Amino acid sequence: MSAESTAVISAEGSRSGVLGSYIRGPWAIAAYTWKEGIRKKTLLGFLLLSLLVIFGSTFMTAFMASTTISSTTANVEIEVEAKIIKDICVSAIAIFGILITIFISASVVPTELENKVVYTILSKPLRRYQYLAGKFLGVQLIVIANLVLMSTLFFVALYAKEGIWPSLLLWSALLTYFQFLIVSAFTFAVSCTSTSSVLPTIAGLFIYIIGNLTEYLQDVYEKGVESERLFDTMIANIAHGLYLVLPNLRNFDMKDQILYLPSNDPPVDIMIPNLIAYGLVFAAVGYLLAWVLFARKEL
Amino acid sequence: MKPKSYTWHVIAAIVILLFLSTVQGARLSGLRETESFYRWVLSASLQSRLGQTLEPDEAPDLAEAMDEELFAKVLDLAEAGLPELPIEEDDFDNEDNPHHVLLRAARQDEDKLIYDLVASAEARPLQDEFHKHLANNLLQSAGTQFRAALLYDKETRVEGVGLTSLFFNFRNFAANLLWLQVDKFFHRGEMHRMLPLMRMSVALDPNFVDAYLLGAWHLAYNLTAQLPDTPEPLKKFHPKYKKRLGIKEEWYYVAADFLKDGIKKNPRDYRLYFDLGYAIYENKLIDHAKAVLYLTDARRYQHDTWVPRMLYLAMWRNGQYEDAIKGWGNYLEEIDPDSIPAIRFIQVNRGYLAEAKAAQADECKAAAQAARKRFAELADEARERGDLQQAGQHESEARIAQEVATEMTALAEEEWENARKIWTPMIQMDEDNIAIARLRRQKAMRNVSEGRYLEAVAELELARYEMLQSFDEISDLMIEVKQKAGLPLTTSELRAVERHREAALYETEDPPKKIRYIECTYLDETVDTEA
């Protein structure tokens, strides 16, 4: 793989001018990161597990129906089953999607540092930020491909149950991707400081947990300002500052609004572009952080 | 390694982007807060339009609720901030006054207008007030759809921060697991253990509409099926519902409250309105007016075809015959031109309308005759006093009353005849049980007016078994006829009389207003006019 990738980059670099190499170099890196990524056994394992859970959700509800359908109207039970399928699948996509995102984001750079491929690549006419851009892009391609695969199977499972394409869920899947993007960017940044993927993986899990607990900081702030003691107020202000700076991944959880409210619901219409912008800004922060950290790395 | 100069540029870019992300984060927070306020305004508008109070709980340890006060301020803001909207057929309250413009906007799905209003700078102080009250748990009409942490504060009294954050994004999944447990309890027959879990389940997932539907059904039907009826003296007065309730009725109201909570959180799901209107109010609480109210709302949102059918049936039972005829007519035009029930119930409602007009014409005739007698007496008194002008005036009024009585006699005859003309072909063509029962009932009433009480009772006896939906109504009529004729009552009739007597002793509500089908100045002026 490493010989193949360096050959590709070398050829790309020699064929094009400076401007071309700005785009083609990272793209070549992204392409081989993608090829490498889809061959990773851990990721394949996660993906297969998630597909198994999504596929299995229909069997789970079929089993439940035998205990409940006799007790109530069939219509409502079928809707309960569809809801349970939706919730299981959305949870499976969220859990396995985030695990895939963290593992791939945490491993792409450290693996190449570990097996020294990075030295060969950086000896080519390719700057470090281009290398990182290619790696980051490759990670995103893998994350998107996994998300698309899981979502497609989910939609098929739902179609088999309800007979309609849940097109609104596409919005939910899109927002889920931007949630993954933020976690991916910061995990990627941490991975640029490490020579092993263990630390960035743990860091990625913490980023996800912290991102989901930022509303807890807001609660701390609200409770803190109620108290008139100086220490409580100070803690409240620190919590509020962190609440503002840290990414709040709960913001992306709009599945219920998207699914259950009218399609032209004003808050949802306004929130979606704002959330996309929010995700992109944090992703840019994560990428630039990775740039700075990688630039300072002794190679 | 010494950082290169562009590294500082990147660091500067990071700082700028972090600042931007903070701004965007604050903006999203603001949007979330506006969203909560907007959803509360929508929900409160809906509750207000349906005549529900925004502060229903009577928990003694609860601080004063601020819902009504805050909503009044929102209404004032909307008065000035919303454009004038057309007043449509459903935009009137019980007193026939048009609804407030905000309530109309919510009913007419003018979501963008409402959102722009609540997101405006003028609404900012109200939004802040809303969040302050929400944080202090002072809004009873707002619930876990805004802050799931309220669940813990309210139900388990755990003080502290939002524990539900710990569920990450898997609250819905947790709600499903709880619901499976509810289902297990149901199959084990441990109904009493279901309610807390049902509440927890919908608190975790406020959009779990099926849990509301099944939960209410369990409460109102399965749980109460095993309970005995409560004798009238043992019923307790419930200030919240302003009614004396037995054990069964208490559960019906718990089910109704459960569905109302679902409506608050999912105001545009027709199934909640339908179940509340049809399954609870129509079939369990036998409150046809409320059933019509909620079924009308169920029809407003995307719904199945049985919704209008049940609405028109509820209208029929509520005495809104003209509305039901119009509704069934629309059903034939728009949904199913060959619908046999629609064709049948148009005829049934016409028959009932004719009978109702005839019955009210008879009442009006009696009232007019009484008025004529009274005016004649007054005229005599005035003449005795020597006040001829006053006497002349009373004589004139007595003449008018006599004319009305004559007119009403003719109208009653005409309408009874109309009803007969409707019922007879229905019997000849389909042996329609409603038509048979109504015709027998009519015959019985004629027998009563002619003093043939035994024959009347015999006809009513047959009528009540023809149409079991009217069994109680016709049985009561039989008792009335027997009492009038001095005939002995059966044991079950004596028990029914005793039940009615007891119920009357404990009656706490005003009787429902009668719908007026004809114009009659001699009848009670306070009754409603349907026409």
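This is a short talk about chain B of a two-chain model and how chain B meets chain A.

Okay, first the ground rules. What we have is a predicted model, where local features need pLDDT of at least 70, side-chain atom pairs count only at pLDDT 80 or more, and totals for chains, interfaces and linings use all residues. Residues are numbered from 1 along each chain as its sequence is written, while chains are lettered from A and ligands numbered from 1 in the order in which they are written.

So, confidence. pLDDT is the predictor's confidence in each residue, from 0 to 100. Chain B has a mean pLDDT of 84, with 89% of its residues at 70 or more. Be careful with residues 148–166 of chain B, where pLDDT stays under 50. Residues 525–531 of chain B stay under 50 too. For the model as a whole, ipTM is 0.82 and pTM is 0.74.

Now the meeting of the chains. In contact here means that the C-beta atoms of two residues, placed from the backbone, lie within 7 Å. By that rule, 46 residues of chain B are in contact with 50 residues of chain A. On the chain B side, helices H1 (5–49), H4 (111–119), H7 (171–188) and H9 (209–225) each supply at least two residues. H1(B) gives the most, with 18 residues.

Next, one residue to look up: Tyr312(B), in helix H13 (residues 306–317). Is Tyr312(B) buried or exposed? Buried, because Tyr312(B) has 28 C-beta neighbours inside 10 Å. The cut-offs: 20 or more other C-beta atoms within 10 Å is buried, 12 or fewer is exposed, and in between is partly exposed, with C-beta atoms placed from the backbone. Leaving out residues up to four places away in sequence, Tyr312(B) touches Ala324(B), Gly327(B), Trp328(B) and Phe345(B).

Last, two loop residues. Ile286(B) is in the loop between H11 and helix H12 (288–300), and its phi is near 45 degrees, positive in a residue other than glycine. Ile286(B) counts as exposed because it has 12 C-beta neighbours inside 10 Å. Glu431(B), between helix H16 (388–430) and helix H17 (433–449), has a positive phi near 50 degrees. Glu431(B) is exposed, with 10 other C-beta atoms within 10 Å.

Definitions and conventions. Helices (H or I, at least four residues) and strands (E, at least two) are DSSP runs, numbered from the N terminus.
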